[in-house]
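Here's a quick tour for anyone meeting this structure for the first time. Have a look at it, then read on.

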Amino acid sequence: MTAVHPERPWANGVEAVRILAPLGMLGYGYPLAHFEAGLARDPHLIAVDAGSTDGGPHKLGKGVGIVSEAATRRDLEPMLRAAVERGIPVVVGTAGGSGSRLHVEWARRIVAGILSDHGWAARVAVIDADVPPDRVVAALAEGDLRPLRAVPEADEATIRACPAIVAQMGVEPIVAALEQGADIVLCGRSYDPTMFAALPIMLGFPAGLAFHMGKILECGAQCAIPGAASDCMIGTLDHEGFVLEPLGPERRCTPTSVAAHTLYEKSDPARLPGPGGDLVLDQCRFEAVSDRAVRVTGSRFEPSDEYRVKLEGSAPEGYRAICIAGLRDPQMIARLDECLDAVRKATQEFGGFAGEAGFGLNFLCYGRDAVLGESEPLRDAVPHEVGVVIDAVGPTQTDADALCSLARSSLLHYHYTGRKATGGNLAFPFAPSDFQGGPVFRFALYHTMKVRDGLELFPIRWIGEEGKVGRAAE
Amino acid sequence: MGARLSDLAAVIRSKNAGPFEVTVDILFEDEAAFARARQSPALTPKAIADAYRMPEDRVLDILFYEPARAIKINLRRAASSGSTGDTDVYGAQHYAPLLDVQIDDA
């Protein structure tokens, strides 16, 4: 193991690891005063999550994020200052929104820009998480690729259709980067708790506690009351448990609020599968240590026999165009299904679109059942007003635009039974009425893949001369 | 006399658990309400499938987590998050059919 950087906050050994979580999603913003209050507690690490599958598959497919460059820069700057001036490492997980090479490079340029503007020098490790399609195809052939529950099987064509495939890294590559003296670790796709768990695991603290604390801290102050992704928390982990405390004085953690957050976005609160093993929480205890801090004990990590990572890949489904329109006529609203069926038929007869391969036409009827679709219990209630979104998908943007346009004009002028309003059926709030949605994707890979070990897929790049990025670097 | 689930629970929320499942969390302030709800015939797989007007095989789990006094219901999505035909990319509004479910007195 490489010698510990002499000025690292853990250089002389630690009884407990303190981790500052400035916020739950890089780019959402956080109060600087609360961040400063966190720095006053002498944290050993600052960690932040910068991505998720939540926003949809297009992020990974197109290589885009959901927060702006300006917001990312604003949020990163105080963290990088702490890394440079105080020697507190900063770990950013799932950089750029989805953690593919395009995302990581976007984030790397922002980091390099901040360092360069301030004349700061830092050792920056960039850990990529892209998986070559050939590697995934080979795993498919070997029987090493497994869909997660409710996920369709993938074939070779599906795998190769994905513009990018990423794997969720575990702690191993982050530990390697920290051991080699990284001031800043910019990670591609990461299992959410790993940017928090890597340092304590590296220092010999129990993995179960480290992962569980990371699972909660990666959402910022969402486990507090009132909850917020855009506020700071501090976590303190020892060998028997960990304590969570919000840094905003108006927030508090209670055993119930923290326990409730443990459930969040997970299908099984008692067992959370991750890279290399499961986080097991069935024996957890949540106890108040003050009126605003909670101690958690009993979290365990069970390593699995084979090391599996989760893959994510988005495959293109075509292009989208939409039109937004309002309906206020009670006669038409009462016969809405008839009208929509007729429009669907008209697009087939006149345009030769719907039903053809690569085309799709949906009508989202807000005020009736657009949110829940067939699960809507009140679908048969007749509203006084309905908002219709015409959702047209085609093999090219031009095709989608044409289908949307045809569906819009057909619905505008459709003569339903009993129609008295012959001027037009729709109120368009906007001119132009139609909008291009660009390429549409679906999650085609949401599988686990067997790998040699936790380092196999995640190479570390060191950025800047001799690992230092400063004014000279960019 | 019964009560609506939304009157009995402190939190009812839904969110994606990965892009192919929606997970619904129902959290209770007190043990009695939690115990009453978890025994209710209104929260069996069949009853939940009926509330959502979906086939029962889309109700993947009904789990209980004592530390949070929580009931968790996992549903298989009709369309994966953000794909064509999806209506709720984050799955954040898919708790609504449970609000009016009637829970009988213990």
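Helices here are DSSP runs of H or I with at least four residues, and strands are runs of E with at least two, numbered from the N terminus. One thing to keep in mind: this is a predicted model.

Let's start with chain B. By that definition, chain B has 3 helices and 6 strands, and going from the N terminus they follow the order β-α-β-β-α-α-β-β-β. A compact globule of 106 residues would have a radius of gyration near 13 Å, and chain B agrees, with 13 Å. Here are some more values for chain B:

| Property of chain B | Value |
|---|---|
| Box filled by the C-alpha atoms, along the principal axes | roughly 45 × 25 × 20 Å |
| Share of the 106 residues that count as buried | 47% |
| Share of contacts (separation of 6 or more) between residues 24 or more positions apart | 60% |

Now, where do the two chains meet? On the chain A side, 40 residues are in contact with 39 residues of chain B. Helix α10 (255-262) and strands β16 (360-366) and β18 (434-450) of chain A each supply at least two residues to chain A's side, and the largest share, 5 residues, comes from β18(A). Sorted by class, that side of chain A has 22 nonpolar, 10 polar and 8 charged residues.

Finally, helix α7 (residues 172-179) of chain A has 7 of its 8 residues buried, so the rest of the structure largely encloses it. Among the buried ones are A:Glu172, A:Pro173 and A:Leu178. Their cover includes β3 (90-93), β4 (124-127), β7 (184-187), α8 (194-202) and β19 (460-463) of chain A. Just after α7(A), A:Gly181 takes a positive phi of about 90 degrees.

Key: Residues numbered from 1 in each chain as written. Chains lettered and ligands numbered in written order. Predicted model: local features only at pLDDT ≥ 70, side-chain atom pairs only at ≥ 80, totals over all residues. Contact = placed C-beta atoms within 7 Å. Nonpolar A, V, L, I, M, F, W, Y, C, P; charged D, E, K, R; others polar. Buried ≥ 20, exposed ≤ 12 C-beta atoms within 10 Å, placed from the backbone. Rg over C-alpha atoms; globule rule 2.2 N^0.38 Å.
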